[in-house]
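This report asks the reader to look at how parts of one protein chain pack together. Please keep the sequence and the structure in view while reading.

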Amino acid sequence: MTDSITDVPGILVGHARVPGERALSGTTVVLAPAPGAVAAVDVRGGGPGTRETDALDPRNVVERIDAVVLTGGSAYGLDAAGGVVAWLEERGRGVRVGPEPEQVVPVVPAACLFDLGRGGDWRARPDAATGRAAVAAATAEVEQGNVGAGTGAVVGGLKGGVGTASTQLASGVTVGALVVVNAVGSVLDPVTGALYGLEGRLTYPEPAVHEAALKRIAESRAAMGLPPLNTTLAVVATDAPLTKAQAQKLAGTSHDGMARAIRPVHLLHDGDTVFALATGSGEPLSPLGLNDVLAAGADLVARAITKAVLAAEGVTGAGVTGVSGTGAGGTFPSYHDLYGS
């Protein structure tokens, strides 16, 4: 076990970054094994940006999908899914709509987060080429921190990013989660400086260190120059055989992990979205068996959020503003910049 979502057999993850000195954005793709995964979604933020999520409704025809795209660039960045669709079509993967091998339509759900202008260039955002690069780079080794969709992620004035975690249940079922942490809310208790997501393993920084950290976080927030438009995205995967309705329940309960590790969460300026993927075959889990998977999903989302914050590195955007189309930029310290190791 590597404590990552790719511990679920067949699941791969790829990241790609938007090129350019003033670009802080990118795309992350979670690729399912052939013949795809049963999938569902639960959207709870007030400002979501998504693509193909209606196809995941248990009442609709699509049974399995091949990939999920998490991307920066706000609504513009949803173009990254087009590159993943093309990559899958070239390999004959997708919903079969005719007798010939090439007669497929890949269904690629996607969700975006807001990171526009954080590197200084308002127009630096993912496109189809970014999505293709991310899916082509998919591997079992999952980088964390300032990668892919987490390149420009910020959480409560701290640098956010990508985190992942996994567990194997007593039944032998594996559950994994990958989260891109980019929220209006905070991962830190404002009184103590402890990370919410550490639960019973809380560590408390020295009061003077925490006071200085709060000052720098406030400066980071003020320097952004834009409203706190954000969104935290997650994919929870399992090798259990789930129905679409069971997968939708997993997506919903996994939001509990966000609520444990980020406070407040699901605000009007967040677009918080969780996808669930199930790769198993055979008889669906019993309600009691499903309960264990549901509990694990929430636990892993909370842990992946904390791992993302701990893996992130502080960044400085160009901070250029003007009529040329550049954005606010900004300086975003990491947890380690403020609190050490």
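## Burial and an aromatic pair

A residue is called buried when its relative accessible area is under 20%, exposed when that area is over 50%, and partly exposed in between. The model discussed here is predicted. Trp122 has a relative accessibility of 27%, so this residue counts as partly exposed. Phe114, by contrast, has 11% relative accessibility and therefore counts as buried.

These two residues also meet through their rings. In general, a pair of aromatic rings is described by the distance of the centres and the angle of the planes. For Phe114 and Trp122 the centres are 6.4 Å apart and the planes lie at 65 degrees; because planes over 60 degrees apart count as edge-to-face, the pair belongs to that class. A search of the whole structure finds two aromatic pairs.

## Two helices in contact

Two packed helices are described by the angle between their axes and the distance between the axes. Helix H4 spans residues 244-261 and helix H5 spans residues 287-311; their axes come within 7 Å and cross at roughly 40 degrees. The crossing of H4 past H5 is right-handed.

Which residues of H4 and H5 meet? On the H4 side they include Leu250, Thr253, Gly257, Met258 and Ala261. On the H5 side they include Leu290, Val293, Gly297, Ala302 and Ile305. Sorted by class, the contact of H4 with H5 has ten nonpolar, five polar and four charged residues.

## The nonpolar cores

The largest nonpolar core has 46 residues, and those with the most contacts inside it are Val175, Val187, Leu188 and Ile305. Several elements each supply at least two residues of this core, among them strand E3 (37-43), strand E13 (174-181), helix H3 (207-223), H4 and H5. The largest share, eleven residues, comes from H5.

Val187 illustrates how such a residue is surrounded. Leaving aside its neighbours within four places in sequence, Val187 is in contact with residues including Val155, Leu158, Tyr196, Ala261, Ile305 and Val309. There is also a second, separate core of 29 residues, which includes Ile11, Val30, Val180 and Leu233.

Apart from neighbours within four places in sequence, Thr306 is in contact with Leu195, Gly197 and Leu198.

## Backbone features in the loops

The bond from Ala34 to Pro35 is cis, with omega near 5 degrees, and Pro35 lies in the loop between strand E2 (26-31) and E3. The bond joining Arg263 and Pro264 is also cis, with omega about -10 degrees. Pro264 is placed in the loop between H4 and E15.

Positive phi values in residues other than glycine form a further topic. Glu52 has phi near 60 degrees and lies in the loop between strand E4 (50-51) and strand E5 (64-65). With a relative accessibility of 34%, Glu52 counts as partly exposed. Ser74 has phi near 50 degrees and is found in the loop between strand E6 (67-71) and helix H1 (80-90). The relative accessible area of Ser74 is 19%, which means that this residue is buried.

Methods
Residues are numbered from 1 along each chain as its sequence is written. This is a predicted model: local features need pLDDT of at least 70, side-chain atom pairs count only at pLDDT 80 or more; totals for chains, interfaces and linings use all residues. Side-chain values use heavy atoms; hydrogens and water are left out. Axes are lines fitted to C-alpha atoms, for helices over the stretch in contact, and angles run from 0 to 180 degrees between N-to-C directions. Helices (H or I, at least four residues) and strands (E, at least two) are DSSP runs, numbered from the N terminus. A crossing is left-handed if the near helix is turned anticlockwise from the far one by less than a right angle, and right-handed if clockwise. Contact means heavy atoms within 4.5 Å. Ala, Val, Leu, Ile, Met, Phe, Trp, Tyr, Cys and Pro count as nonpolar, Asp, Glu, Lys and Arg as charged, and the others, Gly among them, as polar. A nonpolar core is a set of buried Ala, Val, Leu, Ile, Met, Phe, Trp, Tyr and Cys residues joined through side-chain atoms within 4.5 Å. Buried means under 20% relative accessible area, exposed over 50%, partly exposed in between (1.4 Å probe, protein chains only). Rings of Phe, Tyr and Trp (its six-membered ring) pair if their centres lie within 6.5 Å; planes under 30 degrees apart count as stacked, over 60 as edge-to-face and the rest as tilted.
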